[in-house]
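Subject: Structure handover

Hi,

Here is the structure I promised to pass on. Have a look at it first, and my notes follow below.

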Amino acid sequence: MNTVKKHRIGLVGTGFIASGFARLIHNHAPDLSLTSVLTRRPLEQAGSFPFPERLTQSVQQLIDTSDLIVECSGDVLHSTEVIDQALRAGKPVVTMNSEFHVTTGSWFADKGLLTEAEGDQPGCIAALHEEAVMMGFKPIVYGNMKGFLNHLPKPEEMAYWSGKQGISIEQTTSFTDGTKIQIEQAFVANGFGATITRQGMEGPSAVDVNKTAIELARFAAELGQPIADYMLAPGKAGVFVVGTHDAEEWKALNYLKLGDGPYYVLVKNFHLCQYEIVKTVRRVINGGGVLLNNSTHPTLSIVGIAKTALPVGTRIDRAIGGFQVRGEAARIQDVPGHVPMGLIQNAVITRPVEAGQILSFDDVELPDSLALDISRKLYA
């Protein structure tokens with residue numbers, strides 16, 4: 001009797017994404033086996049994670065019992081350490097962690113098989129890019145849709161929406177203040193050799209998705225380079241790619257309902273986070289290679305901008321998803337000395353910082369970490 005070969009999957013993280021992915025492969029993926037789940041929590045405090053018997057606090061156990069590792073902790077410092085050890089051990093790593101990629105991911109892009117997964121917007125944009133190129137399109141806009149933006153949300157508002165949506169306050173805040181979408185689009189731009197039009201991107205409001213996407217394409221055409229950007233489109237969800245095509249194809253594309261050109265909008269109107277990771281896991285298992293990484297030579301980073309005045313001695317316990325700092329995409333060459341947003345966690349302010357100011361290495365004292373060492377090499 002033939003038996004299904006099970007590929008051993010190690011998982012890093014026990015939150016919303018990790019829990020959903022664990023349930024999916026347990027219930028719907030007979031070819032995959034969840035072997036170890038790395039957590040920093042005491043094992044008896046696993047919360048609602050569905051398979052507490054798989055938990056471990058040992059990175060070495062995770063590596064030894066896995067053929068492939070899925071990292072979705074969302075923590076830059078922790079993920080940098082774990083991914084470093086996993087790649088050194090020769091294990092392929094699939095991530096849902098754009099925060100990691102835009103901070104230290106480029107250091108690892110040529111040190112083993114490391115790829116972002118479909119599910120979150122960057123991976124979905126990458127998959128759409130791949131489809132577009134196979135169909136002959138030349139992408140010039142890599143786009144994301146966002147429903148709401150408030151650079152200075154209040155803690156009580158974020159607590160309410162966190163409870164309503166069933167995700168953490170930190171996640172809710174990073175989505176609301178724009179930090180998350182800035183991270184995602186800088187990551188996509190680095191991965192595909194694109195750029196941004198200006199710090200923070202354009203982010204136009206949209207009533208008509210196609211019309212607004214084409215407006216962004218005109219920005220790219222004027223710039224003479226592909227761009228990553230987003231639109232504010234309440235009630236909409238998903239990602240899009242705008243591309244051009246061969247001139248002689250315009251009649252066929254018009255017949256196929258893509259319009260008159262020269263810019264054609266391809267939309268994926270959903271991204272299903274933990275439920276799509278498995279597509280990239282199988283891609284890697286089947287030899288499909290990298291879907292998206294931050295490239296070995298990134299041109300964009302995420303600067304930290306003070307939401308409020310920060311006196312000397314202020315400790316920033318939470319950077320991404322906190323109430324003291326928010327992030328914006330910027331060209332590295334335009335922001336010399338900036339501290340990448342992913343490093344600001346646990347920073348202590350060493351000289352007064354005004355509201356709206358970009359934080360530099362001279363403004364903060366940072367705890368020693370592998371991520372800090374790597375970032376100094378990447379962004380110095």
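A word on terms before the details: helices (H or I, at least four residues) and strands (E, at least two) are DSSP runs, numbered from the N terminus.

Two housekeeping points. This is a predicted model, so local features need pLDDT of at least 70 and side-chain atom pairs count only at pLDDT 80 or more, while totals for chains, interfaces and linings use all residues. Residues are numbered from 1 along each chain as its sequence is written, and side-chain values use heavy atoms, with hydrogens and water left out.

**Overall picture**

The protein chain has 12 helices and 15 strands. Its radius of gyration is 21 Å, close to the 21 Å from the globule rule for 380 residues, so the chain is as compact as a globular protein of that length (the radius is taken over C-alpha atoms, and the rule is 2.2 Å times the number of residues to the power 0.38). Along the principal axes, the C-alpha atoms fill a box of roughly 70 × 60 × 40 Å.

Of the 380 residues, 55% are buried; buried means under 20% relative accessible area, exposed over 50%, and partly exposed in between (1.4 Å probe, protein chains only). The accessible surface comes to about 16600 Å², and 51% of that belongs to carbon and sulfur atoms (Shrake-Rupley method with a 1.4 Å probe; for residues, only the protein chains shown count as cover). As for contacts (heavy atoms within 4.5 Å), take those between residues at least 6 apart in sequence: 71% of them join residues at least 24 apart.

**Salt bridges**

Glutamate 99 pairs with lysine 180, with the closest N and O atoms 2.9 Å apart. Glutamate 99 sits in helix 4 (residues 98–108) and lysine 180 in helix 8 (residues 179–192), so this bridge ties together parts that are 81 residues apart in sequence. Both glutamate 99 and lysine 180 are buried.

Another salt bridge joins aspartate 177 and lysine 307, where the closest N and O atoms are 2.8 Å apart. This pair links distant parts of the chain, 130 residues apart: aspartate 177 is in the loop between helix 7 (169–176) and helix 8, and lysine 307 is in the loop between strand 11 (300–306) and strand 12 (315–316). Aspartate 177 and lysine 307 are both buried too.

Arginine 198 and glutamate 202 also form a salt bridge, at 3.4 Å between the closest N and O atoms. Here arginine 198 is partly exposed, with a relative accessible area of 40%, and glutamate 202 is partly exposed as well, at 22%. There is also a network of salt bridges linking Glu118, Lys268, Glu276 and Lys279.

Serine 98 is found in helix 4 and is buried, with a relative accessible area of 0%. Leaving out residues up to four places away in sequence, serine 98 touches Glu116, Pro122, Lys180, Ile183, Glu184 and Phe187.

In helix 7, the buried residues are Thr172, Thr173, Ser174 and Thr176. Their cover includes strand 7, helix 6 and helix 8. Glutamine 165 lies in helix 6 (residues 155–165) and counts as partly exposed at 46% relative accessibility.

Strand 9 (residues 239–244) is mostly covered, with five of its six residues buried. Strand 9 runs antiparallel to strand 7 (residues 138–146), joined by six bridges; strands count as paired if DSSP finds at least two bridges between them. Glycine 143 has phenylalanine 240 in strand 9 as its bridge partner. Strand 9 is also antiparallel to strand 10 (residues 264–268), with five bridges between them, and glycine 243 has tyrosine 264 in strand 10 as its bridge partner.

**From the record**

UniProt lists residues 13–98 for "domain: Aspartate/homoserine dehydrogenase NAD-binding" in an unreviewed entry. UniProt positions are given in the numbering used here, feature names are shortened, and annotations may be inferred rather than shown by experiment. In the model, the end C-alpha atoms of residues 13–98 lie 15 Å apart, and the span is 38% helix and 19% strand.

Cheers

Key: Salt bridge = Lys/Arg side-chain N within 4 Å of Asp/Glu carboxyl O.
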